[in-house]
Amino acid sequence: MAARTLVEKIWDAHIVADLGGGLDLLHVDRHLVHDLSGPPSLGMLAGRGLAVRNPELTFAMPDHTVSTAVGRTDADTNAGRMLVPALRERAHAEGIRLFDLDDGEQGIVHVVGPELGLTLPGITVLCGDSHTCTHGGLGALGWGIGSSDLTHVLATQTIVQRRPKQMRVTCSDSLAAEVEPKDLVLHLIGEHGADGAAGFAVEYAGSAIASMSVEGRMTLCNLTMEFGAK
């Protein structure tokens with residue numbers, strides 16, 4: 001059997017159906033929903049008379065339109081005043097776990113997943129946010145999706161995708177003193193351009209990566225979107 005990359009292993013394990021033409025229907029292990037794109041998609045689903053297919057695999061939190069100040073409320077921003085109550089209402093109606101403003105575990109969507117063990121190695125993680133690639137720092141396959149795909153995942157727990165091209169970035173030795181993972185990925189972008197990884201899934205390898213903390217790997221993966229990768 002030919003050797004496979006990490007992306008191929010995770011991808012192949014999640015294929016529900018080969019749709020032909022290079023398209024696969026993939027199972028989604030975790031679907032993270034925030035206050036900006038979540039309410040419209042949940043509302044669209046309800047408007048079509050559909051229910052969330054697997055609410056136990058969907059997790060919602062307001063983090064895009066809310067203040068970080070102590071004692072914050074929905075009304076701190078105009079967008080939050082409109083979107084946070086809508087997210088709360090639809091999450092409760094669909095039985096989705098909501099990390100609300102008064103929940104001690106509420107936070108930034110791409111931090112809460114790893115912190116609480118929702119993000120695990122080898123799973124697929126989707127969210128209506130381009131920085132969902134952050135979850136790659138834990139060995140998951142994560143990418144951001146748009147509103148139509150978000151609604152499709154809510155309704156079916158699957159997504160139609162074309163297998164991406166693959167790029168392996170090997171970073172040998174170790175980072176010098178005062179050099180951080182962010183510096184490494186910004187150097188990579190500087191050398192190859194902001195579209196250097198367009199159309200690719202990027203895997204990082206090498207001793208410099210192996211010696212990084214999980215937080216460092218998350219930073220690296222978070223900024224890979226700025227490199228043009230999906």
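**View 1. Strand 1 and strand 2 pair in the antiparallel sense over 4 bridges.** Strands here are DSSP runs (E, at least two residues), numbered from the N terminus, and two strands pair if DSSP finds at least two bridges between them. The model is predicted: local features need pLDDT of at least 70, side-chain atom pairs count only at pLDDT 80 or more, and totals for chains, interfaces and linings use all residues. Residues are numbered from 1 along each chain as its sequence is written, and side-chain values use heavy atoms, with hydrogens and water left out. G20 lies opposite L23 of strand 2.

**View 2. G21 sits in the loop between strand 1 (15-20) and strand 2 (23-27).** The two strands form a hairpin with 2 residues between them, and in this turn G21 has a positive phi of about 65°.

**View 3. Strand 2 is joined to strand 8 (residues 158-162) by 5 bridges.** These two strands run antiparallel. L26 has I159 in strand 8 as its bridge partner.

**View 4. An open sheet of 5 strands has the order 5-4-3-6-7, with parallel pairing.** Strand 5 (97-98) and strand 7 (141-144) are at the edges; each has a single partner strand, so one side of each lacks a neighbour in the sheet. Within this order, strand 3 (residues 30-34) pairs with strand 4 (residues 58-61) over 4 bridges in the parallel sense. H34 faces M61 of strand 4 across this pairing.
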